[in-house]
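Open the model in your viewer and keep the selection tool at hand. The stops below go from the whole chain to individual side-chain pairs.

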Amino acid sequence: MSLRDFLERFRPVGTPGASATGVPADRTAERAAELEPTLAQLTGVQQEAAGIRAAADEAAEAVRRDAAREAERLVAAARERGPEMRRQAAEPLLREARQEAEAVRAAGDRTASAVRERAAERMPDLVERAVADALRLAVRVGGAP
């Protein structure tokens with residue numbers, strides 16, 4: 001015995017007494033009459049949801065346009081400020097490079113000054129040697145042994 005057959009046994013039957021004759025119940029019409037008001041309300045809700053989606057799409061498009069304009073403005077401002085920012089970023093490095101160059105120049109000046117002092121100290125002796133060598137050569141060339 002199937003479940004359907006079993007449940008059919010508990011199906012309501014007519015009232016006791018003489019049987020009433022009439023048109024059988026139209027279950028489809030009953031369901032439609034029962035569901036029609038609810039479905040009609042859903043149609044309104046669906047239309048409202050479509051309107052909300054359309055408004056949200058428009059608002060999103062406006063936000064995208066505003067964001068694109070703001071991005072363009074920010075990029076233009078960044079390009080305009082770029083050279084100044086690069087200059088400010090390079091300033092400490094240039095200052096350090098100038099200080100290093102000044103230190104190298106000062107060391108070079110000290111070295112040159114030391115070389116000049118040594119040259120001044122050694123010059124008289126070197127001149128004396130050069131003159132002595134020249135006189136010796138002149139004496140040899142002049143015929144004297």
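Start with all side chains displayed: across the whole structure of this predicted model, a search finds 10 salt bridges.

Now switch to a cartoon. The chain has two helices and zero strands. Colour by accessibility next: of the 145 residues, 1% count as buried. The chain exposes about 13,300 Å², and carbon and sulfur atoms supply 60% of that area.

Select Glu-61 and Arg-65. Their side chains form a salt bridge, with an N to O distance of 4.0 Å. Both belong to helix α2 (residues 27-141), where they sit four residues apart and are therefore separated by about one helical turn. Glu-61 is partly exposed at 33% relative accessibility, and Arg-65 is partly exposed at 43%.

Move to Arg-87 and Glu-91. The closest N and O atoms of this salt bridge are 2.9 Å apart.

Together, Glu-84, Arg-87, Glu-91 and Arg-95 are linked in a network of salt bridges.

Last, select Glu-102 and Arg-105. Their side chains meet in a salt bridge at 3.2 Å, N to O. Both residues lie in helix α2, with a spacing of three residues, about one turn of the helix. Arg-105 counts as partly exposed at 47% relative accessibility, as does Glu-102 at 44%.

Notes:
Residues numbered from 1 in each chain as written. Predicted model: local features only at pLDDT ≥ 70, side-chain atom pairs only at ≥ 80, totals over all residues. Heavy atoms only, no water. Buried < 20%, exposed > 50% of the residue type's maximum accessible area, 1.4 Å probe, protein only. Areas by Shrake-Rupley, 256 points an atom, 1.4 Å probe, with all protein chains shown as cover.
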